[in-house]
Amino acid sequence: MREPVELRRQRILAVVRSRGAVKVSSLAAELGVSVVTVRRDVEELAVEGRLRRGHGVVRPADAEEPASLPAQRRREGGAGAPVALVVPERHSYLYETLHGARSLLEEHGLRIALHIAPQAAGTEQPLVERALEAGARGLLIAPRWRSVAAQEADYAWLAGLGVPTVLMERRPAPGSALHALDTVCSDHWYGVHLAVDHLVALGHRRIVLAARDDSPTARTVRAAFARIAADRPEVEDWSVILSSPDAVPEPAPVRPRGGADASAPDLARVLRERRATAAVLHGDVDALMLVQRLSESGVRVPEDCSVVAYDDVVAALGSTPLTAVSPPKAEVGRAAAELMLLRLGGGPGADGPVRRTELLPALKVRGSTSAVTPVPE
């Protein structure tokens, strides 16, 4: 049976009173619960005035702070403590966001502690717990969230960290435990709108989306395209396919030997079958590879098919530079860092309402899109 919260907190108080000062990690190990749970309990007990919390250490309410700990550090939870940044491994898109956040925080004299989460599910939580135990005073995080289930599994622990936390390029489900958490995102609906609007203006009426399905951004792009294409009367036909056999939450561990991967999307075939003249491709690497496949199949870009990539990390580097939707990646990081500075500053607005910020992407027109070529009668 799960231990009642108040009983667990009474045990925390008993340990702290008997020993004078106890590390949060030691309390967690002794009580057999997570560091995050103990940190949340300690936060509540400190608010009630029943104990005092410091730099990873809990003390009785009537204990003297060590003379060596500056008053400013006590007030701010450690002025020299870093802000933790947690991003997924091998994610060039979010690395640009990371650098945007890092540049602004360092401009204001805050130290950064970077943590790279491996690709396996559930790797962010232990990284965050270790970062907080090491004294991180705030958290900027972009969880991988390859599936909706993985996303929902993180809600409870992320909601109870007890330090200022800002989600970057992630939008929690409405009404979830993270609905009231600060977030900074690109408006991906608007990005898809820019792509479709550009193609429609060039005369394209039959459009295919080849997209990933293994991240919150991918799921937003897919949903936005379906809604926008269905609502545009100019679009006569549209469809959605996977941009890569690995672009799903749980890709097959083994591929067939020799020859083409049977699960790889055949964009050229889909274009022929649907008589499509344009494609939107998410993300850049998949887009460049699919354009290569189109060329090998005799489909010329942009003469036979206009292509818009989504991400714009390396879209401009193809043999045919790709027109691309360019989310404000670095600016998202800077906006998240600005929000973190506000929360940590202690001035006006530090305890203000939760903020959900959206920044608009831009469209970079290059050589992969052109007007529809009329078909000879």
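Val 35, Val 36 and Arg 39 of helix α3 meet Glu 129, Leu 132 and Glu 133 of helix α6, contact being defined as heavy atoms within 4.5 Å. By class, this contact comprises 3 nonpolar, no polar and 3 charged residues; Ala, Val, Leu, Ile, Met, Phe, Trp, Tyr, Cys and Pro count as nonpolar, Asp, Glu, Lys and Arg as charged, and the others, Gly among them, as polar. The model is a predicted one, in which local features need pLDDT of at least 70 and side-chain atom pairs count only at pLDDT 80 or more, while totals for chains, interfaces and linings use all residues. Residues are numbered from 1 along each chain as its sequence is written, and side-chain values use heavy atoms, with hydrogens and water left out.

The axes of α3 and α6 (residues 124-133) come within 9 Å and cross at roughly 45°; axes are lines fitted to C-alpha atoms, for helices over the stretch in contact, and angles run from 0 to 180 degrees between N-to-C directions. The two helices α3 and α6 are therefore oblique to each other (under 35 degrees counts as roughly parallel, over 145 as roughly antiparallel, 65 to 115 as roughly perpendicular and the rest as oblique). Helices (H or I, at least four residues) and strands (E, at least two) are DSSP runs, numbered from the N terminus.

Helix α3 (residues 35-47) also lies across β2 and β3, at about 125° to β2. An open sheet is formed by 3 strands in the order β1-β3-β2, with antiparallel pairing; strands pair if DSSP finds at least two bridges between them. β1 (22-23) and β2 (51-53) are at the edges with a single partner strand each, so one side of each has no neighbour in the sheet. Strand β3 (residues 57-60) is joined to β1 by 2 bridges, and Val 22 stands opposite Val 58 in β3.

A further helix pair is formed by α5 (residues 92-107) and α12 (residues 329-345), whose axes come within 7 Å and cross at roughly 40°. Helices α5 and α12 are therefore oblique to each other. Their contact includes Tyr 93, Gly 100 and Leu 104 of α5 and Val 332, Arg 334 and Leu 341 of α12. In total, the contact of α5 with α12 has 8 nonpolar, 4 polar and 5 charged residues.

A search of the whole structure finds 2 aromatic pairs, rings of Phe, Tyr and Trp (its six-membered ring) being paired if their centres lie within 6.5 Å, with planes under 30 degrees apart counted as stacked, over 60 as edge-to-face and the rest as tilted. The ring centres of Trp 145 and Tyr 155 are 6.1 Å apart and their planes at 80°, so this pair is edge-to-face.
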